[in-house]
Amino acid sequence: ILMYSDHFGGHTTTFLMNDLKGLASSNKVTYACIGKTEGQFVHSDIRVLPYHIGALKRKVRWMLETNGWYLTFKCSEFSNALHSILEETTPDIIQCNFGYEALRLTDNITAKHKHIPIVINFLGYDASFHLNRNSYVKKLKEIAGWSNVNATCNTTFLKRNLEAKGIKFRKNEVIYTGVDTTFFQRDPD
């Protein structure tokens, strides 16, 4: 399994770590990301992918995206590193956390690896706030049409938000996930 999100190890992503621990208990899991926070979350196979976009290009992309005209995450160095990992690990499935972040992966995967099943986990703002951007909705509709892409949502509300915008994946299951509240114990002092 290849898991992907933009960042690994942030203190607010305990639910991702719970997914990773669960999957890694019975599968070989490689975690790919573009940034890693050092801390108490660890995994034996984390790959940090390069993703560098110049300031001017980033500003133009942001303007195009926020105005609903165009959205792209294409980056040749990211794509090359991603394909090296896919060649080396030969995953049976790719799990992307957060719909918005999954677009970075889908924009950079080439035809050689488009046969690998991809599951996109919609976990909040990616199926609510970001749906206000036409460029994002258009991109999601496009990848929802790919035969290898399916989705999960952590609430029925998020699934209905996607459907209301005409974003219909072949399969989109609601899987209730949450935060490990024992991780966030109050310090009595």
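Two strands pair if DSSP finds at least two bridges between them. Helices (H or I, at least four residues) and strands (E, at least two) are DSSP runs, numbered from the N terminus. The model is predicted: local features need pLDDT of at least 70, side-chain atom pairs count only at pLDDT 80 or more, and totals for chains, interfaces and linings use all residues. Residues are numbered from 1 along each chain as its sequence is written, and side-chain values use heavy atoms, without hydrogens and water.

Strand β3 spans residues 30-33. It runs parallel to β1, joined by 3 bridges. M3 stands opposite Y31 in β3. Another 3 bridges join β3 to β5 (residues 46-48), also in parallel. Here Y31 stands opposite I46. In a regular strand the side chains alternate between the two faces of the sheet. Both faces of β3 are covered.

A nonpolar core is a set of buried Ala, Val, Leu, Ile, Met, Phe, Trp, Tyr and Cys residues joined through side-chain atoms within 4.5 Å. The largest has 40 residues, of which I94, I120, F122 and L140 touch the most other members. Elements giving it two or more residues include β1, β7 and α5. A second, separate core holds 13 residues, among them I46 and F98.

Beyond its neighbours within four places in sequence, I120 is in contact (heavy atoms within 4.5 Å) with residues including C96, I143 and F169. Helix α5 buries S135, Y136, V137, K139, L140, I143 and A144. Their cover includes α2, α4, β7, β8 and α6.

Technical notes: Buried means under 20% relative accessible area, exposed over 50%, partly exposed in between (1.4 Å probe, protein chains only).
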